[in-house]
Amino acid sequence: MKTIEEPKKDNNIFVQDFGDYVSRFRCPVITIYNQETLDYKGMYVARLFLCKDGKTYPTKLVCVNKDLEAIKETIPAYMHFFIRSENDDKCIIGTYI
């Protein structure tokens with residue numbers, strides 16, 4: 001997944017559940033990152049992205065947790081998981097669409 005510009009850590013909005021947010025957008029995508037990201041070392045991260053005109057844009061909405069299962073529980077049940085492709089960053093576990 002390619003992004004235009006990653007928001008800075010200071011600008012993030014931390015959420016406990018993505019349900020209320022994804023319902024507001026036409027094509028929401030939530031990407032799950034492993035514990036090796038530079039901005040949240042040792043934590044799993046979920047970030048909401050929006051798709052527009054064939055491009056993916058990161059939002060400031062993130063969920064951070066040491067437990068991967070806790071991160072997965074923040075994602076609406078109707079979203080489907082896709083494992084990362086070989087072209088994705090090594091920190092990406094997968095994406096919910």
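Predicted model: local features only at pLDDT ≥ 70, side-chain atom pairs only at ≥ 80, totals over all residues.
Residues are numbered from 1 along each chain as its sequence is written, and side-chain values use heavy atoms, with hydrogens and water left out.

Trainee: Which pattern does the protein follow along the sequence?

Mentor: Helices (H or I, at least four residues) and strands (E, at least two) are DSSP runs, numbered from the N terminus. The protein has two helices and six strands. Read along the sequence, the pattern is β-α-β-β-β-α-β-β.

Trainee: Which strands stand at the edges of the sheet?

Mentor: Two strands pair if DSSP finds at least two bridges between them. The open sheet of six strands has mixed pairing and the order β1-β4-β3-β2-β6-β5. Each edge strand has a single partner strand, so one side of each is left without a neighbour in the sheet; these strands are β1 (13-14) and β5 (81-83).

Trainee: Which residue in β3 is the bridge partner of threonine 31?

Mentor: Strand β2 (residues 28-33) pairs with β3 in the antiparallel sense, over six bridges. β2 and β6 also run antiparallel, joined by four bridges, and in β6 the bridge partner of threonine 31 is threonine 95. In β3, the bridge partner of threonine 31 is arginine 47.

Trainee: Is arginine 47 buried or exposed?

Mentor: Buried means under 20% relative accessible area, exposed over 50%, and partly exposed in between (1.4 Å probe, protein chains only). Arginine 47 is found in strand β3 (residues 44-52). Its relative accessible area is 1%, so arginine 47 is buried.

Trainee: Why is the pair of phenylalanine 14 and tyrosine 40 classed as it is?

Mentor: Rings of Phe, Tyr and Trp (its six-membered ring) pair if their centres lie within 6.5 Å; planes under 30 degrees apart count as stacked, over 60 as edge-to-face and the rest as tilted. A search of the whole structure finds two aromatic pairs. In the pair of phenylalanine 14 and tyrosine 40, the ring centres are 6.1 Å apart and the planes stand at 85 degrees, so the pair is edge-to-face.

Trainee: Where in the chain do phenylalanine 14 and tyrosine 40 lie?

Mentor: Phenylalanine 14 is partly exposed at 48% relative accessibility, whereas tyrosine 40 is buried, with a relative accessible area of 8%. The two are 26 residues apart, with phenylalanine 14 in strand β1 and tyrosine 40 in the loop between β2 and β3.

Trainee: What class has the pair of phenylalanine 81 and tyrosine 96?

Mentor: Phenylalanine 81 stands opposite tyrosine 96 in β6, and three bridges join the antiparallel strands β5 and β6. Phenylalanine 81 is partly exposed at 37% relative accessibility, while tyrosine 96 is buried at 11%. Their ring centres are 5.0 Å apart and the planes stand at 55 degrees, so the pair is tilted.
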